[in-house]
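Biologist: I am new to this one. Could you show it to me and take me through it?

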Amino acid sequence: MAVDDIYKNKARYERFLERLERLTEQPIGKNKERYFCRCPQNVKHFRAFHEVFERKDTSPVRRFRFFRNMLIVVHIVDKDLASCTREDIDKVVIFSNKVNISPISKVGF
């Protein structure tokens, strides 16, 4: 992986990886995390993408942005991603259009 930048994105990404098992826990109180993984089987997809990112040597900023978008997806879909249907994808797109206001963030999603 690339070296850490001035914004400490590498350390932020590594903290996210350490908390993968806790993604299924619903945040309590005024925690700034809004989204959580509703289906525990979807955590394996985060690990699989981490291995792909390691192989391709993707930057920590790009990795973290991808995982934040993926966290929104697994928050909306309450079953394993491998068994998603077109209706599930439509739900994700509708929610994404509500959350991502600007056209740039919609394209990035």
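Modeller: Let us begin with the contacts. This is a predicted model. Among contacts in the protein chain with a separation of 6 or more, 55% join residues 24 or more positions apart.

Biologist: And what share of the residues count as buried?

Modeller: Of the 109 residues in the protein chain, 29% count as buried.

Biologist: How many helices and strands are there?

Modeller: The protein chain has 5 helices and 0 strands. Read from the N terminus, the order of elements is α-α-α-α-α.

Biologist: Let us take one pair. At what angle do α3 and α4 pack?

Modeller: Helix α3, residues 60-76, packs against helix α4, residues 86-99, at about 125°, and their axes are 9 Å apart. That angle is why α3 counts as oblique to α4. The crossing of the two helices is right-handed.

Biologist: Which residues make that contact?

Modeller: From α3, Ile-72, Val-73 and Ile-76 take part, and from α4, Lys-91, Val-92 and Phe-95. By type, the residues of this contact comprise 5 nonpolar, no polar and 1 charged.

Biologist: Changing topic, what box do the C-alpha atoms fill?

Modeller: Taken along the principal axes, the C-alpha atoms of the protein chain fill a box of roughly 40 × 35 × 30 Å.

How values were computed. Residues numbered from 1 in each chain as written. Predicted model: local features only at pLDDT ≥ 70, side-chain atom pairs only at ≥ 80, totals over all residues. Heavy atoms only, no water. Axes fitted to C-alpha atoms, helices over the stretch in contact; angles between N-to-C directions. Helix = DSSP H or I, 4+ residues; strand = E, 2+ residues; numbered from the N terminus. Parallel < 35°, antiparallel > 145°, perpendicular 65-115°, else oblique. Left-handed = near helix turned anticlockwise from the far one by under 90°. Contact = heavy atoms within 4.5 Å. Nonpolar A, V, L, I, M, F, W, Y, C, P; charged D, E, K, R; others polar. Buried < 20%, exposed > 50% of the residue type's maximum accessible area, 1.4 Å probe, protein only.
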